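Please look through the structure before reading on.

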Amino acid sequence: MKEILCTALLGMATIAHAQKNKDLKLWYRQPAGKRWESALPVGNGRLGAMVYGNVGLENIQLNEHTLWSGSPNRNDYPEMLTALPEARRLIFEGKQAEAQKFLEQSVKFTKSSGQMFEPLGSLCLAFDGQEDFTGYRRELDISRGVATTTYTAGGIRYTREVLASLPDRVIVVQLTASKKGSLSFRAYYTTPEKNAERRTTPGTELVISGATMDHEGVKGLVNYEGITRIRIEGGTRDRNDTSLIVRNADAATIYISIATNFVNYHDISGNAHDRAEGYMAKAFPKNYAGIKAAHEAAFRKLFDRVRLDLGNSDNDSLPTDERLRNFRNVNDPSFVSLYYQYGRYLLISSSQPGGQPANLQGIWNDRLMPPWDSKYTLNINAEMNYWPAEKTNLTEMHEPFLQMVRELSVTGRQTARVMYGARGWMAHHNTDIWRITGPVDGIFWGIWSDGGAWASQHLWEHYLYGGDKTYLASVYPIMKGAAMFYVDDLVEDPSNHWLVINPGTSPENAPKAHGGSSLDAGTTMDNQMVFDIFSTVIRAADILHRHDAFIDTLKNMRNRLPPMHIGKYGQLQEWLEDVDDPNDHHRHISHLYGLFPSNQISPYRTPELYAAARNTLIQRGDVSTGWSMGWKVNWWARMLDGNHAYDLIRSQLTPLGTNPGGGGTYANLFDAHPPFQIDGNFGCTSGITEMLMQSADGALFLLPALPDAWPAGSIRGLRARGGFEIEEMEWKDGKLTKAVIRSRLGGNLRLRVSGDLHVAGGARLRSASGANKNPFYQTGSTPAPVISADAKLAPAAPKPTLLYDIATRAGATYTFLSN
């Protein structure tokens, strides 16, 4: 009876999971063909695969997270230190174009601009006699991490499943047919790699091995090996020089193991063959059912933490590509839920503890020379990848990025010293697997010096959500080092006597007034970055009781940073000079970093800056590159304008080519810059979260930017700063009806809501007053802006809300109901 009861309960749980996640599938009525951006991604943080679902010739394109060109190297330019005084003089004199030309002549970019993330190649499966097929369907179940292709050929139903096992570190393909003896195929590798060898072994393994490319003067020394083995049920197995051949099998399970000799950014002494064989030796004895069950359990443990329900419509039953084409013109709220969870799926699949961080394309790339090398762009894209990590309850997925920051803090010391004569550490706007910190691509783009400051904010954010002081103590020296760089690098502006970065840039943009030069002194983003890293270190020192003269120095220097400026068009100025063009629609709006992800601009604390930020967003426009629209969703959520944020979601969730001059989304829901950049996926997932919950502005704000398109819904599992978790939140007719919040750390819970609440059981709530005493919700004081006499600021008062304070106990759960 106990066994029967347990089986019944397990079945009920499986059915419940299926019901809750029934809409969480990408599915299509046709194969991907030759279109990589139509293939479906699976990954386990080490290995990635793109599954095409082609019938006669299946293509499973493969990546491994450490398979990069080059080898350990540095790209510092000591001549920068000599050139700095003259470049600073020219910039302070308003001769930015001359300064840029001078630096281009003085600092020749002759070293590597970063190495490339390379593909291993593809495992191809060739099936004879299946040119004619019916009943085709391919899908990706993002709640389980399994891609499935089904079709009928010759009266036989064929099924393929592909997964990248989280526990077993291999990719597994299961092939079955409705009639015994019906599976016959040939398996072989193809690859764009120039130095690859393909072969089979007497032990019936299919092997691909070699070394990665040389690139920009750096020798390719990453050795790789991929191994494929096939277990069959019935039938026969044979081989030739480069293929494994299966004939008349009932079923086949294909195991794929890939490894390199990469140990860390300065050590490539590993053995690719031994590693790949080791992973295979552990996985191959397990049958597919066991591997799949363990994988799904591990995947669901992460994925199921958050559930979002925005409602349903008649569009739910349509294929994903049709829903994408229709989305702008129909009501399809569950498509937003699918896209939201797809962002979480991609983060789970491309970023796992102990692995490399998700790069510009996550862990998926089919090109030997991918766009922007598929590196880590630190002036927005790499950080955007991890915006969803903490708040969508995937904190473990943050670890690879946090580890990269630790490593950059080591390599960046030499860059700070030899290029700027500064202590501490820094990074420019790009890095790669070798953790380079020198400038890349040219002076115009590369001289931005805030990579260390921005990346360090993620260390702080991880603490704010988890509250682990031991962890904070371990990363404090890294944050302190990032701040120390600016203590030495800031110089006095001779006009206003502010402390500024010179030369600095507002990433990848340049005002016409500066003659096409990106260089300037004291750009708004630079000032915001320095303000944040100084403030973060000051707060961390207070928490850790590390008061010393260095903290006094930071406080004094922070007081001398330029305040933000509001220009003649009512805009937040991008530069200290009022030279913004209201017709500039540049994809980067870097000076709004202070609105998001920072909290220096607030609707409740800084009304003038809030209004100016709104004007800037309107002037820049909505349609842009895919990732830029993803950032804008977050900005409009912070503006508390849910309808405008939703308009951005509709623009982003549009097939590429629909938005004139802008990006959109590919058929497989990858974000289109174009080309594919995964940061847009992660940015939009973050933005949807910000529409439903915010915790950066002194309170836990529930439904801050709910659009009219989502009048009713629920979400479970979001995390907020200070260890609070929303176990359940429901709303109806656009109003909050119920919130269940767990306090993991205790302390004051300050709730901001749009309507009256009471505690379940009838107890009244106490209205909040004064500053929030919870240390995780301190906001600091943003200096008053300098406002142009010509600025016309339209009032931008936020909607009225109520504030409540609730004293919480660690581990306790609190239920709130609407009145």
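## The largest pocket

Four elements each supply at least two residues of the lining of the largest pocket: α9 (387–391), α12 (451–466), α14 (524–544) and β27 (693–694). The model described here is predicted. Of the elements, α12 gives the largest share of this lining, with seven residues.

The pocket has a volume of about 590 Å³. Its lining is made up of 34 residues, and Gln457, Trp460, Ser598, Asn599 and Arg721 lie nearest the centre. Sorted by class, the lining of the largest pocket contains twelve nonpolar, 14 polar and eight charged residues.

Rolling a probe the size of a water molecule over the atoms shows where empty space is left. In this model there are seven cavities of 30 Å³ or more. The largest cavity holds about 130 Å³ of space. It is lined by 16 residues, and Pro603, Arg638, Gln694, Ala696 and Asp697 are the closest to its centre. Eight residues of that lining are nonpolar, four are polar and four are charged.

The second largest cavity has a volume of about 90 Å³. Among the residues lining this cavity are Tyr569, Leu572, Pro582, His591, Thr616 and Arg620. By class, its lining divides into three nonpolar, four polar and four charged residues.

## Nonpolar cores

In soluble globular proteins, nonpolar side chains tend to be buried together. The largest nonpolar core of this model has 230 residues. Which residues have the most contacts inside it? They are Leu62, Phe185, Phe534, Ile649, Leu692, Leu700 and Trp710.

With neighbours within four places in sequence set aside, Trp710 is in contact with Leu310, Pro333, Val336, Tyr646, Ile649, Ile688, Met691, Leu692 and Trp731.

## Cysteines

A disulfide is a covalent bond between the sulfur atoms of two cysteines. How many disulfides does the structure hold? The number is zero.

Are Cys124 and Cys684 buried or exposed? A residue is called buried when its relative accessible area is under 20%. Cys124 has a relative accessibility of 7%, so Cys124 counts as buried. Cys684 has a relative accessibility of 0%, and therefore Cys684 counts as buried too.

Note on methods: Residues numbered from 1 in each chain as written. Predicted model: local features only at pLDDT ≥ 70, side-chain atom pairs only at ≥ 80, totals over all residues. Heavy atoms only, no water. 1 Å grid on protein atoms, 1.4 Å probe; cavity = no way out; pocket = protein on both sides within 12 Å on 5 of 7 lines; lining within 4 Å. Points joined across faces, edges and corners; volume = space filled by probe spheres on them. Nonpolar A, V, L, I, M, F, W, Y, C, P; charged D, E, K, R; others polar. Core = buried A, V, L, I, M, F, W, Y, C linked by side-chain atoms within 4.5 Å. Buried < 20%, exposed > 50% of the residue type's maximum accessible area, 1.4 Å probe, protein only. Contact = heavy atoms within 4.5 Å. Disulfide = S-S within 2.5 Å.
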